[in-house]
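Please look through the structure below before reading on.

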Amino acid sequence: MNGGKGVSGSVWFLKTVDQLIEELGVDPRRGLSAAEVEVRLKKFGPNALKGKPKKSLLALFVAQLKDMLIYVLLAAAIVTIIIGEYTDAVIIVCVVLLNAVIGVFQEQKAGKALEALQQMTTPKALVRRDGEIREINAKDVVPGDVVILDAGRYIPADLRLTESANLQIEESALTGESVPSEKDASARIDDDQTPIGDQKNCAFMTTLVTYGRGEGIAVATGMATEMGKIAKELDADEETLTPLQKKLAELGKSLSVIALVICLVIFIVALIQRRNLFEMFLTAISLAVAAIPEGLPAIVAIVLALGVTRMSRIHAIVKRLPAVETLGAVSVICSDKTGTLTQNKMTVQKIYTFGHLRVVPQEGTATADPNEKELLTTLILCTDATYENGEGTGDPTEIALVALGEIYHLEKKKLVIGRERQAERPFDSDRKLMSTVNRHGKNFRVHTKGAIDNLLNHANRAWIDGKIVPLNEEIAADFLKAAEAMSDQALRVIGAAFKDTETTLAPEQMESDLILAGLVGMIDPPRLEVKDAIQDAKQAGITPVMITGDHQHTAAAIAIDLGIATSLEQSLSGREIDAMPEAEFYEKIDRYRVFARVSPEHKVKIVKAFQSQGKVVSMTGDGVNDAPSLKRADIGVAMGITGTDVSKGASDMILTDDNFTTIVAAVEEGRTIYHNIRKTVIFLLSCNFGEILAIFLPIVFFWPVPLLPTQILWINLITDSLPAIALGVDPGDKKVMQERPRDPKESFFAHGAAFQAIIGGLLIGVLTLLAFTYGLSTRGYGLYSSHIAAGALNEAETMAFVVLAVSQLFYSLSLRSQHESLLKKGLFSNFYLIGAVAVGILLQILVISLPFLARAFHVQPLNFREWLLVIIFALIPLLANESIKAIRRMKKER
């Protein structure tokens, strides 16, 4: 069933929460049961908008035939039938049909690979089911589901809100209003004509939570949602060519023009020489087919799609195909610290209250003194995390604080009894603070946690030995000194403060006149495998850069440990970035490897600065505010585990394991894919150039034409396509990460690639003509002999046909590396290519050996001596290319 339906069609914003709960039959504290979800999923269907219907196999097949060259070939087939050349007509039609079948197969395979990736990037939803909070695919949300909302998450369905705390939702996709709408679950609406933008107690599918948190009950899913109603308008084609495909399309157009000019020249020469016009017409058509690599766009598309599928297996989901090309050119990787370079398992190491530092035991339990108890109580109550039986849910920093409470017998479950939360001010990256208002006896207490320097700006008192004292410069300096000492040991510092109040406060009143209680130092250990990945990146000419909201000393200490930086001088804080003139910052950007205490605006500035130096920048991010820097970077990388839906939406690539090592592996894969496409292009152009020479030169010099149109079509279909696809999936070169990053503006034929294509094509074409000449000479004829016997011509054509096909197959083996020898690369390390060569040779043998095929292609079996010569001739382009590579290596060594 495509898309879901709403329940009854009620106007939900008019109803109270109690009415809603009763009508939908759900307990908001427990959510739906698994059995009820199954029933509703069957009734309402998946929560998905209807997409465009998939093209049928027939439609895909017909699309493959919509090509000018195909029309010309079909016209040629009709002409051959009219004049009675039925065999040629059958071969032409078979070639056309086979080409179309291969095209359909390639398109389907590429489509399935991309579909699989789209499934992996499906937005997630937090729901409460069977009394537990679970993360599920948004398409599995059903009417009645209790959905949990927090900043950075897309709304998975139309919801009637049941709870809200400073909740703001960006609804521009529906309302056109760019400013986020403030939401209030308790708002009463009486007018049933209230527009969507004013429905304060509802949230709508595909809109985005930008601030605060809340809960709601799904009232409509799929096509029954407000977005579903306008889905047809949103359902647009997104098929765009990658920059590489555009380059290749332009190359194809240029080759088409050249081919048509050559065909015209052939036709004119044929008229002057009074050759058989129909034969020349077929030759011209087959030459055009040979000259234009019409299979190239399809082959490139499948190579990209298969490469992207391969990358998904190493935990890198590429959302946009152009990203694969850009990955190979990345020269700077800007990485977040937490979870990407580190294990994302925060543990508190030290506790500091004024004049007293304590090391936290990593095993067993301990008892907190009164000062520490006050500090820990504030830290634990000011969290949204949970921690039970050694497992936590929520932000890793908050989990570490709740786990710390367990060590000191201050379990969160017990602490919150009588201290229920009444209001809150969520954390944001500008304030670097979070505050809650909790019950405290008959009154209330504000609990605030966050960056110690920011807390000092909002506090005017301190908690020392059970007393509240004025916060003077000496006390402030003592806390800052303790924080700096922890930072120097790579510990992340979190401060805590509180104040008592007789009433609940508005968010903007919470963080003033605070009482500083103390601070804790925690560490997120570096990932064990990251050090090696950083060395690999450096060896590949890529600069790793750490960007973090942590304290400068903490960040620098971890960066030095990992090998990203060598000293504290290579670090820069957000404050120092602001103090530095923009021109100076852009000029000195290469000096720095660590950026600490940065805001999202700083991230954009850092990306721009590196780009101004001509660098290709990859940037990681996981929050709502990271979206601008992810979009600005050449490759935006979102975190799959900790990342918000909006960061995933703005990115080009998603890491399903949040690991820096995966970025480096993805760059390596990107380089490999680009190299493989380049190999494919050079191979096809070499083959095409060889075929053009083998036909064009005999016509110009009035020699017999060594190849029949059907033979050229056969070679173009079998000998070209199979090795081309096999080269496209070639295993990566082990030395690919020892090269400098590729310049994205670099010509596709740089580093001798054009010379390689020309030399290869020249040898293939000339050797085909030599084989033809040898075939004639064995019967006593030459190139200018008149009245050549049919048998002699047939034998010479067979020699040329086999040499052209087999030389191309062998030549493909030498293109696996532009520098390494075939033997060093490993002859059998690409079984697909070996298979393509073996199948190609086998088919050639069958064509000349089976009588009915030999008659159809006007060829005959070869004797042992002829086969020996054919193999020698066919090996020459391979050996020549290997010799050129050897000479280059010798020059390089000198």
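The protein has 33 helices and 26 strands, where helices (H or I, at least four residues) and strands (E, at least two) are DSSP runs, numbered from the N terminus. This is a predicted model, in which local features need pLDDT of at least 70 and side-chain atom pairs count only at pLDDT 80 or more, whereas totals for chains, interfaces and linings use all residues. Residues are numbered from 1 along each chain as its sequence is written, and side-chain values use heavy atoms, with hydrogens and water left out.

The mean pLDDT, the predictor's confidence in each residue from 0 to 100, is 84 for the protein, and 88% of its residues reach 70 or more. Over residues 1-5 pLDDT stays under 50, and over residues 233-240 pLDDT also stays under 50. Where pLDDT is low, the predicted coordinates should not be read in detail.

Of the 894 residues of the protein, 54% count as buried, a term that means under 20% relative accessible area, while exposed means over 50% and partly exposed lies in between (1.4 Å probe, protein chains only). Among contacts (heavy atoms within 4.5 Å) between residues at least 6 apart in sequence, 71% join residues at least 24 apart.

Helix H31 covers residues 831-849, and its 19 residues should span 27 Å at 1.5 Å a residue, which agrees with the 26 Å between its end C-alpha atoms; the expected span is 1.5 Å times one less than the number of residues. The buried residues of H31 are Leu833, Ala836, Val837, Gly840, Gln844, Val847 and Ile848. Seen down the axis of H31, these buried residues fall within an arc of 95°, so they line one face of the helix, the arc being that of the directions from the helix axis to the C-beta atoms. They pack against helices H27 (709-728), H29 (790-814), H32 (851-857) and H33 (864-893), whereas the face turned away from the buried side of H31 carries the exposed residues Phe831 and Tyr832. At the start of H31, a side-chain oxygen of Asn830 reaches to within 3.1 Å of the backbone nitrogen of Tyr832.

Elsewhere, Glu398 has its place in helix H14 (residues 396-407). Because its relative accessibility is 8%, Glu398 counts as buried. A polar atom of the side chain of Glu398 lies 3.4 Å from the backbone nitrogen of Ala385. Leaving aside neighbours within four places in sequence, Glu398 is in contact with Cys382, Thr383, Asp384, Ala385, Met434 and Lys449.

Terms used:
Polar contact = N/O pair within 3.5 Å; in protein donor to acceptor, adjacent residues only side chain to side chain.
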